[in-house]
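Subject: Structure handover

Hello,

Here is the structure I promised to pass on. Please open it first, then read my notes below.

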Amino acid sequence: MRTGTRSTAAPLRPFRALRYGPAAGGPPHGLLSPPGDGVTADRAAGLAAHPHAFLRLVRPDLLEGQGPGERPDDTARSLRDWVARGVLRQDATPSLYVVEQRTGPGDARVQRGLIGVLDLAHPGSAHVRPHEEVDPHRVRAQARRRRAAGADLEPVLLCFDGSDAGSAAPSTEAGAACLDRVAADRPLVETRAEGCRVRLWRVDDPVRLGVLDAYLAGRSLCIADGHHRWAAAEEQYRTDPTGPGRTLLAMVVDVGRHPLTSSAIHRVLTGVPAAELLAAAGEPAPLPSRPEHAVDVRGLLPDRVHDPLAAYRLAEQLIARVRPDGRGVEFETRRDRAVARAAATSGTALILPPVAFPAVRERAARGLLMPRKTTSLTPKPWSGLVVHRHHPESTTHHPEEQVCDWRESESITTAPSTTRPS
């Protein structure tokens with residue numbers, strides 16, 4: 001049996017992932033969870049209809065009406081139970097995992113990424129650059145939850161631009177070709193969920209692992225999603241540099257081949273009328289052309305200012321004036337939902353512009369941070385494909401044929417299923 005190899009040149013290394021086993025009792029489209037902030041409270045019940053839906057692990061707060069991370073022991077208890085009952089089983093050999101997501105008409109838009117664990121003790125981890133500020137309270141909540149669970153449930157999304165090194169770079173060409181060859185093989189998981197075709201492969205061949213290690217070696221990586229999870233892992237690493245929490249689940253994407261789309265993140269101030277907000281900005285009343293519950297922040301900037309980041313900085317200043325405690329501030333990527341939420345709460349939606357992703361990466365490379373929740377970068381990875389447990393030796397592994405091998409073509413449903421696809 002192949003044992004895999006430990007990554008030495010790059011900080012991303014193979015690991016033995018926990019994945020759904022036959023005891024999960026359902027096809028992947030009823031178990032996996034939409035990525036990142038894609039799950040809202042009104043959708044949670046449907047997405048968690050199956051008793052082993054991953055949303056029950058990653059966002060139990062949505063099902064119980066709590067705040068994120070308020071009861072970290074619940075996640076830890078559920079994770080231990082699922083492992084004990086074989087709902088989640090551990091792969092036998094350390095591996096990297098290739099994830100592909102296809103969206104759009106005819107699955108035309110393709111994103112392909114590589115999932116492994118990032119070793120924070122590796123010198124290369126110093127080249128990982130955040131681009132947004134974080135909320136210290138959320139970082140502490142994430143750190144408590146991570147320590148309690150002893151696991152990473154979702155990967156931090158990291159990116160680099162392979163074209164920066166020139167298309168003729170041997171390691172870039174070889175790594176990209178290796179990923180293409182892996183994606184031509186039969187996948188372990190294939191499903192369609194909410195218009196997204198998701199596929200997963202496992203790489204444990206030493207030759208391929210060596211090629212992929214060289215592919216990522218020396219890369220400067222930008223955090224695209226997961227700043228609070230990254231900060232929580234760093235905090236745990238500083239507290240215990242030799243402990244199991246020094247590794248972090250991460251997905252790396254070459255945005256030169258698979259670009260990310262940057263969308264704005266609007267602010268909703270619940271219970272704050274537009275007139276009050278505009279008075280704080282020095283405007284006595286809403287202009288007739290403005291919707292009653294929305295203010296386009298760009299319209300409050302001086303005419304000569306065209307930098308999208310200036311709008312976010314002004315939004316932060318206005319929020320600090322009318323809500324200095326930060327309460328009653330919500331975030332929404334869709335403008336229509338932001339306005340609807342503001343109207344429902346007698347509040348105001350602060351409409352903000354998107355920041356182009358090249359500008360995001362350029363600022364990150366210079367060590368400059370934008371306000372928190374400035375960019376929504378998509379696509380993000382679906383949750384539930386792989387889990388990284390910090391104490392792998394405590395989990396009994398199973399032969400590969402006993403771990404779920406899923407291929408299906410039906411559309412997503414939220415009803416429970418007790419049969420496996422053929």
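Is the crossing of α5 and α8 left-handed or right-handed? It is right-handed. Keep in mind that this is a predicted model.

**Two helix pairs**

Helix α5 covers residues 136-149, and helix α8 covers residues 227-239. Their axes come within 8 Å. The crossing angle is roughly 65°. On the α5 side, the residues that meet α8 are R138, V139, R140, Q142, A143, R146 and R147. On the α8 side, they are H228, R229, A231, A232, A233, E235, Q236 and T239.

Now look at α6 (residues 170-183) and α7 (residues 206-216). Their axes also come within 8 Å, and they cross at roughly 135°. The two helices are therefore oblique to each other. This crossing is left-handed. From α6, the residues in the meeting include S171, T172, A174 and G175. Also among them are C178, L179 and R181. α7 contributes R208, V211, L212, A214 and Y215.

**The chain as a whole**

The chain has 422 residues, and 54% of them count as buried. It has 12 helices and 20 strands. The accessible surface comes to about 18,100 Å². Carbon and sulfur atoms account for 51% of that surface. Take the contacts between residues at least 6 apart in sequence: 81% of these join residues at least 24 apart.

**Confidence**

The average pLDDT of the chain is 84. A score of at least 70 is reached by 85% of the residues. Two stretches need care. Over residues 66-70, pLDDT stays under 50. The model has six contacts beyond four places in sequence for that stretch. Over residues 394-405, pLDDT also stays under 50. There the model has 34 contacts beyond four places in sequence.

**Loop residues to look at**

Start with D204, in the loop between β10 and α7. Its relative accessible area is 12%, under the 20% cut-off, so D204 is buried.

G195 sits in the loop between β9 (189-193) and β10 (196-203). With a relative accessible area of 45%, G195 is partly exposed. Leaving aside neighbours within four places in sequence, G195 is in contact with R102 and T103. G195 and R102 are 93 residues apart in sequence, yet their C-alpha atoms are 8.5 Å apart.

T270 is in the loop between β14 (266-269) and α9 (274-280). T270 is buried, at 14% relative accessible area. Which residues does T270 contact, neighbours within four places in sequence aside? They are R323, G328, E330, R341, T345 and G347.

L300 belongs to the loop between β15 (294-296) and α10 (308-322). Its relative accessible area is 17%, so L300 is buried as well. L278 is 22 residues away from L300 in sequence. The C-alpha atoms of L300 and L278 are 8.9 Å apart.

**Backbone points**

Most residues other than glycine have a negative phi, and most peptide bonds are trans.

- S346 has a positive phi, near 55°. S346 lies in the loop between α11 (335-344) and β17 (348-351).
- K373 has a positive phi too, near 55°. The loop between α12 (357-365) and β18 holds K373. K373 counts as buried, at 16% relative accessibility.
- The peptide bond from T378 to P379 is cis, with omega near 0°. P379 lies in the loop between β18 (375-378) and β19 (388-389).

That is the tour. Over to you.

Best wishes

Note on methods
Residues numbered from 1 in each chain as written. Predicted model: local features only at pLDDT ≥ 70, side-chain atom pairs only at ≥ 80, totals over all residues. Heavy atoms only, no water. pLDDT = per-residue confidence, 0-100. Contact = heavy atoms within 4.5 Å. Helix = DSSP H or I, 4+ residues; strand = E, 2+ residues; numbered from the N terminus. Buried < 20%, exposed > 50% of the residue type's maximum accessible area, 1.4 Å probe, protein only. Areas by Shrake-Rupley, 256 points an atom, 1.4 Å probe, with all protein chains shown as cover. Axes fitted to C-alpha atoms, helices over the stretch in contact; angles between N-to-C directions. Parallel < 35°, antiparallel > 145°, perpendicular 65-115°, else oblique. Left-handed = near helix turned anticlockwise from the far one by under 90°.
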